[in-house]
Amino acid sequence: MKIRTALRAVTVVVITAWCLGPFVWMVRTSFTTEPEVLTGNSLIPSAPSTANYEAAFSAQNSFLRALTNSLAVAGITTVLALIIGLTCAYALARLTFRGRNLVLAATLATSMFPMVSILAPLFTIFTGLGWIDTYQALVLPNISLALPLAVWTLTGFFRQLPWDLEEAALVDGCTRRQATRKVLLPLLAPAVFTTAILVFITAWNEFIIALTMTNRQEMFTAPVAIANFTGEITHQSPFPSQMAASVVVTLPLIVLVLIFQRRIVAGLTAGATKG
Amino acid sequence: MVDPRQGRTAVPLVLPTLLTLGVVVVFPLFQAVRLSMYGENADLDVVFRGIANFTDFLVGPLSGQFWIALGNTTLFTVVSVTLELAIGLGMAMAMHHVVRGRGLLRAAVLVPWAVPTAMAALLWKWIFTPHGVANAVLGTDIVWGAEAWASRLAVVVADVWKTAPFMALLILAGLQVIPRELYEAARVDGAGAWQRFRRVTLPMIHGALLVAVLMRMLDALRVFDLPFLFAGSADNEDLVTLSMLGYKYAVQQADTGSGSAVALLTLLYVAVVAYLFVRLLGADALGTRSARKAGGRRS
């Protein structure tokens with residue numbers, strides 16, 4: 001029995017170290033400066049400094065602007081995908097109608113779509129419209145990822161909800177409006193909220209669309225901006241400031257994910273194993 | 001069981017989604033088909049080329065690049081999804097059985113999932129620099145970025161780190177719905193740990209595994225961020241994938257015809273793989289069968 005307990009403890013430690021190790025290294029690098037950062041491999045930097053963060057936010061990188069762009073694009077994408085997808089998910093989860101499986105299959109198929117297959121025409125169309133370096137050129141292709149994800153996840157959630165409560169409220173003498181406000185909305189809110197987080201994270205992490213649809217540095221989203229970082233001085237490694245910026249981009253997500261851990265796992269699996 | 005009244009209610013509810021997908025997916029796709037048949041001649045005039053853009057890639061002057069990209073993409077998909085399945089299954093079993101530290105595990109597993117892929121790519125590229133921590137930990141002196149197999153391995157490691165946790169969470173959801181009585185019955189019948197895994201666990205999570213593998217596979221076949229950032233350009237022959245090749249032609253070279261042709265060939269490849277997977281292994285991605293069987297199982 002003792003061996004088994006020890007074995008389990010080792011398993012926990014190994015998996016945790018494997019999952020967290022690289023991220024810890026990202027954080028460590030972000031506080032380590034040259035020359036130590038290039039050759040040293042100690043976990044704790046001998047002279048921790050925020051110089052890499054200052055470099056990341058230096059004027060030449062437009063990183064703050066990129067963060068704003070990411071926030072705007074991911075935010076707009078999330079809101080649009082939820083508004084459009086909400087009723088569809090409701091119908092898929094609650095109603096039986098001809099073509100229901102077809103709609104489900106269509107949303108699943110589009111979410112599995114290689115983005116590159118619509119990138120070429122969209123790039124041509126947007127170039128013709130003069131839309132390169134605009135938010136709409138970033139948001140529209142993002143919708144093709146976000147909407148299927150939203151529909152899929154919401155449908156998974158909605159199938160598990162106790163919808164009878166709404167009818168029970170009506171039987172108990174609630175008006176339609178009361179039933180909606182007091183019973184239906186509180187039921188839906190957690191599902192919508194969790195889906196919003198998942199869609200936002202997907203849009204926030206998007207790279208190939210942003211890389212294609214932006215030329216000017218002011219329109220870069222955060223991931224594209226960071227990938228384009230160069231050392232402040234020629235030959236200086238961009239990695240330390242890239243790691244600092246990556247921490248800035250990643251940490252809010254990790255905090256969000258850890259706070260809403262249970263819901264997010266439920267959302268991921270609701271969308272994936274049921275549909 | 002189809003109720004015509006429900007059908008009438010459903011149409012306005014479903015329509016906004018279908019119309020939007022029509023605009024952002026179906027319309028561009030038709031455009032891609034049209035564009036893929038055109039190209040520029042020597043005088044830079046746009047001319048109709050029929051299927052010449054496709055044959056250029058399949059058997060013509062660009063076929064070298066295409067088959068290298070197809071080979072890289074396939075190899076990457078097979079190796080990383082296999083590793084992710086094995087590691088994800090292990091992680092899921094650990095999360096399912098461990099009592100002490102379960103909270104820690106569940107939290108830790110979500111961290112790689114939350115790191116944006118582009119950031120994970122830069123992080124692992126940094127880890128795999130010649131003076132980086134990978135060489136320090138392994139006690140090696142490998143120039144990861146310069147050697148074909150070393151750089152491929154590095155990309156696979158980065159992908160496995162990032163996505164095995166997602167696999168684990170999907171599998172864990174499948175594990176959690178296995179009734180305990182099944183294990184007790186197996187134990188009473190004298191089944192050992194391995195037999196219980198082989199005869200009870202695996203058959204019970206078979207469906208969840210197939211769906212998880214299918215999703216990861218389709219995701220891996222369109223991989224772009226990781227190898228692109230790792231290679232630093234779309235021209236690296238060791239790492240180039242189909243998506244990178246499409247990006248190179250459609251965007252970097254603004255050769256829309258060739259770009260669309262690669263993109264459609266990629267789509268075709270992904271569709272064929274998905275179709276074969278579902279046909280041969282019976283992955284029930286829509287969940288309709290299990291829902292019917294278990295009456296909408298909950299987890």
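Trainee: Where is A254(B) placed?

Mentor: This is a predicted model. In it, A254(B) sits in the loop between helix 11 (242-252) and helix 12 (256-281) of chain B.

Trainee: Why is the pair D159(B) and R216(B) called a salt bridge?

Mentor: The rule asks for a side-chain nitrogen of Lys or Arg within 4 Å of a carboxyl oxygen of Asp or Glu. The closest N and O atoms of D159(B) and R216(B) are 3.1 Å apart, so the pair meets the cut-off of 4 Å. By this rule there are seven salt bridges over all chains.

Trainee: Which parts of the chain does the pair of D159(B) and R216(B) link?

Mentor: The pair links distant parts: D159(B) is in helix 7 (residues 148-176) of chain B and R216(B) in helix 9 (residues 193-221) of chain B, 57 residues apart.

Trainee: How do you know that helix 12 of chain A and helix 5 of chain B meet, and which residues take part?

Mentor: Contact requires heavy atoms within 4.5 Å. On the side of helix 12 of chain A, F239(A), Q242(A), M243(A), S246(A), V249(A) and T250(A) take part, and they meet M119(B), L122(B), L123(B), K125(B) and W126(B) in helix 5 of chain B. The residues of this contact divide into seven nonpolar, three polar and one charged.

Trainee: What describes the geometry of this helix pair?

Mentor: Two packed helices are described by the angle between their axes and the distance between the axes. Here the axes of helix 12 (residues 239-259) of chain A and helix 5 (residues 117-127) of chain B come within 10 Å and cross at roughly 145 degrees. The crossing is left-handed.

Trainee: What makes the group with V78(B) a nonpolar patch on the surface?

Mentor: Its members must have over 30% relative accessible area and no salt bridge, with nonpolar side chains joined within 5 Å. L75(B), V78(B), V79(B), L83(B), I87(B) and W149(B) form such a patch, with about 520 Å² of accessible area together. Helix 3 (residues 63-97) of chain B gives the most, with five residues; V78(B) is placed in helix 3 of chain B.

Methods:
Residues are numbered from 1 along each chain as its sequence is written. Chains are lettered from A and ligands numbered from 1 in the order in which they are written. This is a predicted model: local features need pLDDT of at least 70, side-chain atom pairs count only at pLDDT 80 or more; totals for chains, interfaces and linings use all residues. Side-chain values use heavy atoms; hydrogens and water are left out. Axes are lines fitted to C-alpha atoms, for helices over the stretch in contact, and angles run from 0 to 180 degrees between N-to-C directions. Helices (H or I, at least four residues) and strands (E, at least two) are DSSP runs, numbered from the N terminus. A crossing is left-handed if the near helix is turned anticlockwise from the far one by less than a right angle, and right-handed if clockwise. Ala, Val, Leu, Ile, Met, Phe, Trp, Tyr, Cys and Pro count as nonpolar, Asp, Glu, Lys and Arg as charged, and the others, Gly among them, as polar. Patches are made of residues with over 30% relative accessible area and no salt bridge: like charges are joined within 9 Å, nonpolar side chains (Val, Leu, Ile, Met, Phe, Trp, Tyr) within 5 Å. Accessible areas come from the Shrake-Rupley method with a 1.4 Å probe; for residues, only the protein chains shown count as cover.
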